[in-house]
Amino acid sequence: STLGKALSERLSLPAVETDRLIEEQYAQQTGSPKTCRQIYIEHGESYFRELENQIALRTRQLDWQLVITGGSILLNPANRLALRDNALIIYLTTSDETAWQRATRDGIPPWLDGPDGREKFQAELAYRNEVIRPYADLVLDTTADDPERLARKVQDLLSTELAVRGRDANTYGDIIRVTTFGESHGPAIGAVLDGVKPGIPIDRDELQRQMNRRRPGQSEVTTPRSEKDHVEILSGIFEGKTTGAPIAMVIYNRDQDSTKYEGIKNLFRPGHADFTYYAKYGIRDHRGGGRSSGRETAGRVMCGAVARMILSNLGVKIIAHAVEIAGIPAHTFDPAVIEQNPVRCADPVAAKKMVKAILAAKDDSDSVGGIIRLEIAGLPPGLGDPVFEKLDARLTRAVMTLGAVKAVEIGDGFALTRLRGSQANDQMGDGAFLTNHAGGISGGISTGQPVILRIGVKPTASIAKPQRTMDTDMRNSDIETHGRHDPCIVPRVIPVIESMTALALLDAWQVQSRINPQWAQKYNP
């Protein structure tokens, strides 16, 4: 308890003791306030353990709080599961003698009454260590140091643990969490979406429609690989609604052909992740790049489609479109034509020129890149967290997780560098902003205006044109990458960018709803 209170002050987190919760629960049920000792003596161990079970279940509802508890409550498997849910367990140890002194400081606990109390206590300590310690995230010996010094140690341990967890390379999000799995030429690609509340209607046809926008073989300007990408939902959705359980989804690879990669399996493709993956892991999947393939993004679209449905019900609209490909800019904007041309450009005249440029690069065994404009409408003010979880930081991080993305600017972006403050500032009047140079985000928090990003997508790395490279022994070599690749990835990356945006926004929305319940009441229907 003493260490918990010191740690609570250092972390600025509210602390709650399970003993106090048990006493409160008892008082509510009986109308008679009593201490834990009194409850145990008067009603016996079975009654007391049932109160512990009730309190353990209540802790599931505690967000961002420090729960201080003794070891006995964790001996029940159901209680361990409840207390472990979305939490870190810090297991405190000490010498047997110190533990006995602390346990009997206010008198012998009732369950240790009798001549063999000390022996029972020693056996209990050994049992707790055997059962609870394997579940602990952090272990700290508290024998010698004072509470304040120990609190600093725990804070350091927590910082290290959270930093390691933050490097989970295949999982994205804080509350709305996405984990993708599978390789380009493996048996399947899939994802698990966790953190979605129960009871939300999910339109399977809309989910599949989003997948169809990303799938290969759509047109002459995309890879000819023929995959239907039919989504199978394995869990988390029942009778058309979310259940609160993890939503697991998968598509099976039907048209993979790894033969084109056998001749270059020991060569690093320039512009691809071959060299860096090999440098990091000492091993790589040469068949289409494995996890570094653009096919990995199918899992993101599965989850992003669910997030988009939820946000759509909240009045948020996300739209992305090509504004430049191969140096050819769009000059007009007609949202109705975006899905009517193979490059997803809102300018039908420019779209035709873009298609010609892509096909010319394809005929030359080469590829081209482009720029995508992303606009988010209907976003309320207040989303985003200073200092390190600004909304613009969340969004740029989300889209920069895509291998093809190499640049992002928000609002007027680099053009702001050529203005004076009097020109760049978004002035206000009559209850609204007069301009939107900042792109709908100020101080890292949404303003309620449209959020606007421009995203630079590089040319596809895998091309058949001869290039210089090295092999896995770092010897010079030439390489030609044959196979089925997009001569321009821009059209197919658009639904992926929209999906990652939806996931980032829904995650930020959930964080904000917990920080400010009044905001949640106003903007959640």
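The model is predicted; local features require pLDDT of at least 70 and side-chain atom pairs count only at pLDDT 80 or more, while totals for chains, interfaces and linings use all residues. Residues are numbered from 1 along each chain as its sequence is written, and side-chain values use heavy atoms, without hydrogens or water.

The protein chain contains 17 helices and 22 strands. Both are DSSP runs numbered from the N terminus: helices are H or I with at least four residues, strands are E with at least two. Along the principal axes, the C-alpha atoms of the protein chain fill a box of roughly 90 × 65 × 50 Å. Of its 525 residues, 45% count as buried. Buried denotes under 20% relative accessible area, exposed over 50%, and partly exposed the range in between, with a 1.4 Å probe and protein chains only.

Helix α2 covers residues 18-30. Its 13 residues should span 18 Å at 1.5 Å a residue, and the end C-alpha atoms are 18 Å apart, so the two values agree. The expected span is 1.5 Å times one less than the number of residues. Buried positions in α2 are T18, L21, I22, E23, Q25 and Y26. An α-helix has 3.6 residues a turn, so residues three or four places apart point the same way. The cover over the buried residues of α2 includes β1 (15-17), α3 (36-43), α4 (45-58) and β2 (66-68). Just after α2, G31 adopts a positive phi of about 75 degrees.

Pairing requires at least two DSSP bridges between two strands. Six bridges link β6 (residues 177-182) and β7 (residues 188-194) in the antiparallel sense. Within this pair, T179 stands opposite V192 of β7.

Another open sheet of five strands runs β13-β12-β14-β20-β15, also with antiparallel pairing. Its edge strands are β13 (328-329) and β15 (405-410), each pairing on one side only. Helix α14 (residues 391-400) packs on this sheet and touches β14 (370-377), β15 and β20 (451-457). The direction of α14 makes about 160 degrees with that of β15. Axes are lines fitted to C-alpha atoms, for helices over the stretch in contact; angles run from 0 to 180 degrees between N-to-C directions.

Strand β12 (residues 317-325) is antiparallel to β13 and joined to it by two bridges. E324 has P329 of β13 as its bridge partner. The hairpin formed by β12 and β13 has two residues between the strands. A326, in the turn, has a positive phi of about 55 degrees. Eight bridges connect β12 to β14, again antiparallel. Here I325 stands opposite G370 in β14.

Helix α16 spans residues 490-515 and includes S499. At 1.5 Å a residue, its 26 residues should span 38 Å; the end C-alpha atoms are 37 Å apart, in agreement. Of these 26 residues, 24 are buried, so α16 is largely enclosed by the rest of the structure. S499 is itself buried, at 0% relative accessibility. Residues up to four places away in sequence aside, S499 touches R300, V301, G304 and A305. S499 and Q210 lie 289 residues apart in sequence, yet their C-alpha atoms are 8.9 Å apart in space.

The whole structure was searched for disulfides (pairs of cysteine sulfur atoms within 2.5 Å), and zero were found. The sulfur of C488 is 11 Å from the closest cysteine sulfur, that of C345, which is too far for a bond. C488 is buried, with a relative accessible area of 0%. C36 also counts as buried, at 10% relative accessibility.

Technical notes: Contact = heavy atoms within 4.5 Å.
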